[in-house]
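Subject: Structure handover

Hello,

Here is the structure I said I would pass on. Please keep it open while you read the notes below.

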Amino acid sequence: MDAGAGVRMGTQAGVGISHHRNPRVAGKQAAERAVASAGIEQPDFVFLFASVGYDQQALLDSVRLATGGASLIGCSGEGIIAEGETDESNFTVGVMAISSDEIRFQHGMTTGMATDPHGAGNAVAEAVRPDYADDTLALFAFADGLTFNFDQFNAGLDEGLKLDRLLPLLGGTAGDNFSM
């Protein structure tokens with residue numbers, strides 16, 4: 001009999017932060033710390049939040065590399081609250097790495113939220129519908145807070161999913177650090 005047979009892993013999650021100014025170093029540090037904190041080798045899902053001082057694409061690339069290309073969601077923010085600290089500087093990044101045999105994760109992305117929020121809601125519904133199940137717990141959404149029309153997006157999402165129950169919508173909006 002396999003020594004690991006019948007062993008339930010459950011859900012492990014860990015958080016890592018970095019304040020390094022180089023986006024590639026910061027992303028790698030935060031991701032590696034999150035994975036180590038969770039006590040896992042490979043996350044199933046990653047949350048990434050970073051302040052706006054970084055080259056966001058370089059940061060994203062480094063986190064994806066450090067987490068083995070795990071599904072990822074997140075956005076820029078005014079700051080990070082994690083590991084007993086809060087940092088609102090332009091150079092702070094937080095990563096949460098999650099591995100679970102109890103929770104399934106799926107991610108998707110759409111464009112056009114500013115010009116067609118109803119259509120964007122429909123597009124998200126189309127993307128998640130194939131994996132939607134009766135035990136789906138919630139949907140996380142992170143949008144551009146300067147242009148996001150939640151009511152229209154939610155109407156498109158509801159229309160596209162056609163659910164007979166409430167699906168909690170969690171998340172937040174990204175800003176531009178008052179650079180308007």
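Predicted model: local features only at pLDDT ≥ 70, side-chain atom pairs only at ≥ 80, totals over all residues.

Residues are numbered from 1 along each chain as its sequence is written, and side-chain values use heavy atoms, with hydrogens and water left out.

Confidence

pLDDT is the predictor's confidence in each residue, on a scale from 0 to 100. The protein has an average pLDDT of 88, and 92% of the residues score at least 70. Confidence is highest in α1, at 98, and lowest in strand β8 (residues 169-174), where the mean is 83. Helices (H or I, at least four residues) and strands (E, at least two) are DSSP runs, numbered from the N terminus.

Helix α1

Helix α1 covers residues 23-38, 16 residues in total. From first C-alpha to last it reaches 22 Å, close to the 22 Å expected at 1.5 Å a residue; the expected span is 1.5 Å times one less than the number of residues. Its buried residues are Pro 23, Ala 26, Gly 27, Ala 30, Ala 31, Ala 34, Val 35 and Ala 38. Buried means under 20% relative accessible area, exposed over 50%, and partly exposed in between (1.4 Å probe, protein chains only). Seen down the axis of α1, these buried residues fall within an arc of 155°, so they line one face of the helix. The arc is that of the directions from the helix axis to the C-beta atoms. As background, an α-helix has 3.6 residues a turn, so residues three or four places apart point the same way.

The buried residues of α1 pack against β1 (11-18), α2 and β6 (93-100); contact here means heavy atoms within 4.5 Å. The N-terminal end of α1 is capped by Asn 22, with a side-chain oxygen 2.8 Å from the backbone nitrogen of Arg 24. A polar contact is a pair of N or O atoms within 3.5 Å; within protein, one must be able to donate a hydrogen and the other to accept it, and residues adjacent in sequence count only if both atoms are side-chain atoms. After α1 comes Gly 39, with a positive phi near 70°.

Helix α2

In α2 the buried residues are Ala 58, Leu 59, Ser 62 and Val 63. Down the axis of α2 they fall within an arc of 130°, so they too line one face of the helix. The elements that cover them include α1, β2, β3 (71-76) and β6. At the start of α2, a side-chain oxygen of Asp 55 comes to within 3.1 Å of the backbone nitrogen of Gln 57.

Ser 51

Ser 51 sits in the loop between β2 (45-50) and α2 (56-66). With 1% relative accessibility, Ser 51 counts as buried. A polar atom of its side chain lies 2.9 Å from the backbone oxygen of Asn 90. Beyond its neighbours within four places in sequence, Ser 51 is in contact with Gln 56, Gly 77, Ser 89, Asn 90, Phe 91 and Thr 92.

Aromatic rings

How many aromatic pairs does a search of the whole structure find? There are 8. Rings of Phe, Tyr and Trp (its six-membered ring) pair if their centres lie within 6.5 Å; planes under 30 degrees apart count as stacked, over 60 as edge-to-face and the rest as tilted. The rings of Phe 45 and Phe 47 have centres 5.3 Å apart and planes at 70°, so this pair is edge-to-face. Both Phe 45 and Phe 47 are buried. The rings of Phe 47 and Phe 140 have centres 5.1 Å apart and planes at 70°, so that pair is edge-to-face. It links distant parts of the chain: Phe 47 is in strand β2 and Phe 140 in strand β7 (residues 139-144), 93 residues apart. Phe 47 has a relative accessible area of 9%, while Phe 140, at 38%, is partly exposed. One aromatic cluster is formed by Phe 45, Phe 47, Phe 49, Phe 105, Phe 140 and Phe 142.

Helix α3

Val 128 is in helix α3 and is buried, with a relative accessible area of 13%. Leaving out neighbours within four places in sequence, Val 128 is in contact with Gln 106, Leu 139 and Leu 161. Ala 127 also belongs to α3 (residues 117-128), and at 36% relative accessibility it counts as partly exposed.

Regards
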